[in-house]
Amino acid sequence: MRELIVTNDPVLISYAEALLKDQGIEAVVFDRNISLMEGSIGAFPRRLVVPGELWPKAAEILKHAGLGDWVAGNASQ
């Protein structure tokens, strides 16, 4: 699994999940329920991850949707 997006924005995570699902890529959100433990203050970012072999395709999908700035590791790709 490889991080695709790291953010505190639940709307961004949901949007990215929907974009990927529409293209047949199942993404997993790590730390989604951490807000229960932190008191919903947004201190811990959520991580959208995909299988490593699907990361390039998933990153491209998000870039085409205008979310390229949010893609983790974008500068090194």
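This is a predicted model: local features need pLDDT of at least 70, side-chain atom pairs count only at pLDDT 80 or more; totals for chains, interfaces and linings use all residues.
Residues are numbered from 1 along each chain as its sequence is written, and side-chain values use heavy atoms, with hydrogens and water left out.

Me: What makes Arg47 and Glu3 a salt bridge?
Reply: Happy to show you! The closest N and O atoms of Arg47 and Glu3 are 3.6 Å apart, and the limit is 4 Å, so the pair qualifies. It links distant parts of the chain, with Arg47 in strand S3 (residues 46-50) and Glu3 in strand S1 (residues 2-7), 44 residues apart. Strands here are DSSP runs (E, at least two residues) and helices are runs of H or I (at least four), both numbered from the N terminus.

Me: How do you know that Arg47 forms a salt bridge with Asp31?
Reply: The closest N and O atoms of Arg47 and Asp31 are 2.8 Å apart, which is within the 4 Å limit. Asp31 sits in the loop between strand S2 (28-30) and helix H2 (34-38), 16 residues from Arg47.

Me: Why is Arg47 called partly exposed?
Reply: Buried means under 20% relative accessible area, exposed over 50%, and partly exposed in between (1.4 Å probe, protein chains only). Arg47 has 25% relative accessibility, so it counts as partly exposed. Glu3 at 32% is also partly exposed, as is Asp31 at 31%.

Me: What makes Arg2 count as lying over the face of Trp55?
Reply: Arg2 lies 3.8 Å from the ring centre of Trp55. The rule asks for NZ of Lys or CZ of Arg within 6 Å of the ring centre and within 35 degrees of the ring normal.

Me: How do you know that the buried residues of H3 lie on the same side?
Reply: In helix H3 (residues 55-64), the buried ones are Trp55, Ala58, Ala59, Ile61 and Leu62. They cover an arc of only 160 degrees around the axis, which puts them on the same side of H3; the arc is that of the directions from the helix axis to the C-beta atoms. These buried residues pack against S1, helix H1 (10-22) and S3, with contact meaning heavy atoms within 4.5 Å.

Terms used
A salt bridge is a side-chain nitrogen of Lys or Arg within 4 Å of a carboxyl oxygen of Asp or Glu.
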